[in-house]
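Me: I've got a model open and I'd like to learn how to read its features. Could you take me through a few, one at a time?

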Amino acid sequence: MSKLALQATEQLRDAIRDAMQKAMESGALPEAPLPEFTVEIPADRTHGDWATNAAMVGAKSFRFPPRKIAQAIADHIDLSGTYFDRSEIAGPGFLNFFFKSQFYGDVLKDVIALGDGYGRSNFGQKEKIMVEFVSANPTGPMHMGNARGGALGDCLASVLDAAGYDVTREFYVNDAGNQIEKFGASLEARYLQIYLGEEAVEFPEDGYQGDDIRDRAREFADENGDRFVKADSAERRRALVDFALPKNIDKMKTDLKKYRIRYDVWFRESTIHEDGELQETIDLLKSRGMTYEKDGALWYRATALGAEKDEVLIRQNGNPTYFAADIAYHRNKFSKRGFDRCIDVWGADHHGHVARMKGAMNAVGLDGGKLDVVLIQLVRLVRGGEVVRMSKRTGKAIGLADLLDEVPVDAARFYFNLREATSQMEFDLDLAVQQDSQNPVYYVQYAHARICSILKNLAAEGIFPRDCTDEELALLNSPEEIELIRHIASFTSEIVAAAQNYDPARITRYVIELATLFHKFYNMRRVKGEEEPLTAARLYLCRATMTVLRNVLSMFKITAPESM
């Protein structure tokens, strides 16, 4: 809710408490402790703008029927000085309250006054939060899970920022460990095959088979020729990785920039190995009695913290596992860089890793409860009603780069935020490029462009937006106008709820509903051709709606066109 709606809520709480106190003093209610009650928006707004269960929960304290308590509250409540003008008793004892027209006008004035800042709040109290998302393996191109994770992670960070948190976006670059060794071995085989033939050089059984490995090996050969063919294998692999890895990371940065994602930090896993932080974390686990040796490996006592099995930290060959590096990395987030809360956006196939990592934070003396993980379900691409797996352009599995070649960035970012991360989704490639109301991003953008067109056309006739008096704004009293303003008033609370639930899709649904309510209003109520005060008030409502539409779209880095 907006700050005004929060103010109205507190006014109502105070008025209900005062009414119960006065009812006790007058003898209408027996003396008893005031009950804890809720004040909330009813599901059916025809029942009122706000409702309270004070009479229902008060039955135990007052030992009175709820309906009698509700009547006593209604008889003694003073709504003067609040945004409410009347109350009604409903059902077994619910009390419903209705806003004065002043509230709706004040909401619109608040939107116009705050402009780009409308919807923002200090709810998060600048709590320091890191959102780590995508963090794709740099040994190959980004896939469709990264595309969904990128949009969700980036929009979640934006929602948290709007809710008043101090947010850092981070990409964790896995440039060390087993996958890099496998990357080097795969590149080496493809490089040698160029000069010695595929029959002469066996490709590693667990190597990376993608054409991107062949491409990087060919680029390396074009630049270096055959001078590494007779080199030591370790030297050759190091040269290949040093050549190919930066190119892959640069490609990721380019694709993500095209996707309008800009990270505050690109954190390299290799730094944890090089600066001794991994060893420091292992030593800390040892000192806390959380490790033991078995079969030549060092193990972490995960079962001591409720896990089903223990985990290897250092393999028999002396190399640390990915899990060991991950513990050190997350410890770095909390203890070295001082984040209050860390949010990881992972694929659903990592669900088994969540409890292990939270437990590991407890094991190193931190609070695992401050590590939250958003798990993302799979995406199915659909074209013509059929599931699509291959790119028309490359004939390979569709990755992020292929998607952005085929679908506008606006559509991709909007579509991936249509549903909660935990729900599987279908991405309709045909619908994403349609330019009609069936396409949800087009539908929302069209609402913004429609208002821009209204303002432009009226300006051509010498009719310009202006400030309105309370009396003029009170003319906005049709059901369509009231419904639209109510929705505008709820924007700030929707952002807070989306931040609390790590659900940016909530804001996407909000803005689709906002567009729907605006189209409904505009189709039912004329802006031009009314008495001047009503035209001015409706123009004011149009401007406020346009502001909120633009604020949502810009928050999600989606364009807000002025014409379509």
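Me: Where is the place of Asp344?

Reply: Asp344 belongs to strand β11, residues 341-347; helices (H or I, at least four residues) and strands (E, at least two) are DSSP runs numbered from the N terminus. Before going on: this is a predicted model, where local features need pLDDT of at least 70, side-chain atom pairs count only at pLDDT 80 or more, and totals for chains, interfaces and linings use all residues. Residues are numbered from 1 along each chain as its sequence is written, and side-chain values use heavy atoms, with hydrogens and water left out.

Me: Is Asp344 buried or exposed?

Reply: Buried means under 20% relative accessible area, exposed over 50%, partly exposed in between (1.4 Å probe, protein chains only). Asp344 is buried, at 0%.

Me: And which side chain does Asp344 join in a polar contact?

Reply: A polar contact is a pair of N or O atoms within 3.5 Å; within protein, one must be able to donate a hydrogen and the other to accept it, and residues adjacent in sequence count only if both atoms are side-chain atoms. Here the partner is Lys333, at 2.9 Å. Counting contacts (heavy atoms within 4.5 Å), and skipping residues up to four places away in sequence, Asp344 also touches others, including Glu132, His330 and Asp372.

Me: Now helices. Which residues of α10 are buried?

Reply: An α-helix has 3.6 residues a turn, so residues three or four places apart point the same way. In α10 (residues 277-287), the buried ones are Glu277, Leu278, Thr281, Ile282 and Leu285. They lie on the same side of α10 because they cover an arc of only 145° around the axis, taken from the directions from the helix axis to the C-beta atoms. Their cover includes α9 (269-274), β8 (291-294) and α11 (322-336). After α10 comes Gly289, with a positive phi near 70°.

Me: How do I read the pair of Phe220 and Phe228?

Reply: A pair of aromatic rings is described by the distance of the centres and the angle of the planes. Rings of Phe, Tyr and Trp (its six-membered ring) pair if their centres lie within 6.5 Å; planes under 30 degrees apart count as stacked, over 60 as edge-to-face and the rest as tilted. By that rule there are 26 aromatic pairs. Phe220 and Phe228 are 5.3 Å apart, centre to centre, with 50° between the planes, hence tilted. Phe220 is buried at 2% relative accessibility, and Phe228 is buried at 8%.
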